[in-house]
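Hi,

Here is the structure I said I'd pass on to you. Have a look at it first, and my notes on what turned up follow below.

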Amino acid sequence: MYDYDVIIVGAGPAGTTAGYILGSYGLKVLVVDRSRFPRKKLCAGCLTHKTIQLLQRVYGESVDSLKERGVIDYESDIYEILYRDRPLIKRRYPLPFYFVDRTVYDNFLLNKVKGAGVEVIEGEAVVSYELLKNELRTSSRRRLRARFVVGADGVNSIIRRTFATGPFNQRLWDKNMATALEVFVDRAVIDRDIGHPMILFGFIDYGYSWVFPNKGQILIGSCGLNRVNRKRFIDSFRELLSYMKLDGLDDIRIESHPLPSGGFLTEPVFGNTLLIGDAAGFTDPMLGEGIYYAQRSGELAAHAIYRAMKNNEAIGEVYNKLLHEIILPDFIYALKLRGIVFGYLNRFQFAPMRILFNLFGDIPVEVVHGLRTYKWFKKREKVS
Ligand SMILES: Cc1cc2nc3c(=O)[nH]c(=O)nc-3n(C[C@H](O)[C@H](O)[C@H](O)COP(=O)(O)OP(=O)(O)OC[C@H]3O[C@@H](n4cnc5c(N)ncnc54)[C@H](O)[C@@H]3O)c2cc1C
C-alpha cells in the first residue's frame, strides 16, 4: 500500500538527521529535496556545544573528526557583546563556538544519510501534498505514498501549509516572523583582524546583529522581527556595514532569508505527518539558533516514528510529549526573556545592558551552549 515507511521532505539538518536515524533502524526511507547538493543555505553557521554533543551522540563524530573532514571551519572560545560600537562584555569560556559553512555541513549530513541506506532524490521539489492520504506529488510528476511523512522543508514548508485547518495558527506565525540579512566579506577587505564572534545590539529592533569569523571570510548579519522593523531592515543593515567600515564597497551583495522566531507549533503532528526544524518554527525565539533545534527535533521525530512502528504507540502523543519535555520549555521561556531584553532593556540602551551582562557573567553563554535552561537559568543535570 505504501512506497516507503517514511518520506522526508527536505534535506537540511532536520531532514538528514531524522533520515539518518530511521535509515540506521533499517526502515525504508526516502529523502527528497528540491536542490541538488552541495547547495547553498543562507546561515551564519554557528554551532553551540549542544550541537556538538548531538553530532557525537547521533553520528559518533567528535570535534577532531569534524575538523579532519573539513566540516568545522573555525572556532573561538572568546566572544564579545556590544551595544553598537560600545563594548558590553568580552569573555573567554572553555567551550568554544564552532563555525561551519552550510554548503559543506549540509552535504556532509546528506552523505551520512546515503551511507545509512536511505534513498535520496535531489533536484526534485514536492509540489503538493494530500495530508489525509500521506501522498505527495513531485515536480517530475511522481506520486509517492508513505506510512509516515516528515515535513523538514524549511521556513516556507509546503507540508506545513496543509496543516492550515489543524494545529497551525497563521496569525501567530506571521506575528513572529523575522528576516535575517547577511553578507560574506573576504578577510582582506576588512581593516581589522576579527578572531572571535561579536554580537551587537542596537542596530535592529527585536533582534541583534553579528560579526562571525571564518577562516577566509567574515560573516556580517542582522536579524529582527518583521512587524517592528518593516522598511528599516536595509537602512539599519547599512548602518551596521558602515560601523564595519564597509559602506564604500559597491559590489557587496546583501542576501536575506526569513527566519521563524517565536511562532513555533506546539503540536506539529497531524495524523501520520510530522513537522521538524524550521518547518515547525523550531528556532530559539531569543537568538534565532536553528541548526541544533532542527537536528534535535529530527532526532525526536525519528524516535517517535520508530516507537509507533515497533510498539504501535500513537505517533502524535509520543512526538508531542518528547517536544514538550525537551525542546518547548526552552522556547517558552526564551520568548518571555525576549520581551524583557528587546522590549524593555534595549530601549534603555547601553547602561542597563552593561550592568545586566556583567551581573550574569557566564550564565548567558551557558544557556546558549545548553548547560542551563532558559527557565530561571537552572543548571541542567544532563545536557540533552
Ligand atoms: C541569515 C541566517 C543566519 C543563521 N545563522 C544561524 C546560526 O549561526 N546558527 C544556527 O544554529 N542557526 C542559524 N540560522 C537558522 C538555521 O539556518 C535554520 O534554523 C536551519 O537551517 C533549519 O534547518 P531545517 O533543516 O529545518 O531547514 P533548511 O536548512 O531550510 O532545509 C530545508 C530543506 O528543504 C528543502 N525544500 C524546501 N522546500 C522543498 C520542497 N517543496 N520540496 C523538496 N525540498 C524542499 C530545501 O531545499 C532545503 O534543503 C540562521 C538563519 C539565517 C536565515
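Before the helix pairs, one bit of wording: an axis here is a line fitted to C-alpha atoms, for a helix over the stretch in contact, and angles run from 0 to 180 degrees between N-to-C directions. Also keep in mind that this is a predicted model.

With that in hand, start with H1 (13-24) and helix H4 (residues 102-115). H1 and H4 pack at an angle of about 20°, and their axes are 8 Å apart. Angles under 35 degrees count as roughly parallel, so H1 and H4 are roughly parallel to each other. Their crossing is left-handed. On the H1 side you'll find Pro-13, Thr-16, Thr-17, Gly-19, Tyr-20 and Gly-23, which meet Asp-106, Leu-109, Leu-110, Lys-112 and Val-113 of H4. That contact splits into 5 nonpolar, 4 polar and 2 charged residues.

Sorted by class, the H1 and H9 contact has 10 nonpolar, 5 polar and 1 charged residues.

And how does H9 sit against H10? H9 (residues 291-311) and H10 (residues 315-326) pack at an angle of about 150°, with axes 9 Å apart. Angles over 145 degrees count as roughly antiparallel, so that is the label for H9 and H10. H9 passes H10 in a right-handed crossing. From H9, the residues involved are Leu-300, Ala-301, His-303, Ala-304, Ile-305, Arg-307 and Ala-308; they meet Ile-315, Val-318, Tyr-319, Leu-322, Leu-323 and Ile-326 of H10. The class count for this contact is 11 nonpolar, 1 polar and 1 charged.

Now the ligand. There are 38 residues around it, and the ones that come nearest are Gly-10, Gly-12, Gly-154, Gly-277 and Gly-290. Elements giving two or more residues to this shell are H1, strand E2 (29-33), strand E10 (177-186), strand E14 (255-260) and H9. By class the shell has 19 nonpolar, 12 polar and 7 charged residues. Both domain 1 and domain 2 supply at least three residues each to the shell.

As for those domains, the protein is divided into domain 1 (4-75 + 100-173 + 261-333) and domain 2 (178-260). Their centres, taken over C-alpha atoms, are separated by 27 Å. Where the two touch, 14 residues of domain 1 are in contact with 18 residues of domain 2. The domain 1 side of that contact is made up of 6 nonpolar, 5 polar and 3 charged residues.

Two backbone details to look at while you have the model open:

- The peptide bond from Phe-37 to Pro-38 is cis, with omega near -5°. You'll find Pro-38 in the loop between E2 and strand E3 (46-47).
- Trp-376 has a positive phi of about 55°, although Trp-376 is not a glycine. Look for Trp-376 in the segment after helix H13 (363-369).

Cheers

Methods:
Residues numbered from 1 in each chain as written. Predicted model: local features only at pLDDT ≥ 70, side-chain atom pairs only at ≥ 80, totals over all residues. Helix = DSSP H or I, 4+ residues; strand = E, 2+ residues; numbered from the N terminus. Parallel < 35°, antiparallel > 145°, perpendicular 65-115°, else oblique. Left-handed = near helix turned anticlockwise from the far one by under 90°. Contact = placed C-beta atoms within 7 Å. Nonpolar A, V, L, I, M, F, W, Y, C, P; charged D, E, K, R; others polar. Near = placed C-beta within 6 Å. Domains from an automatic or database assignment.
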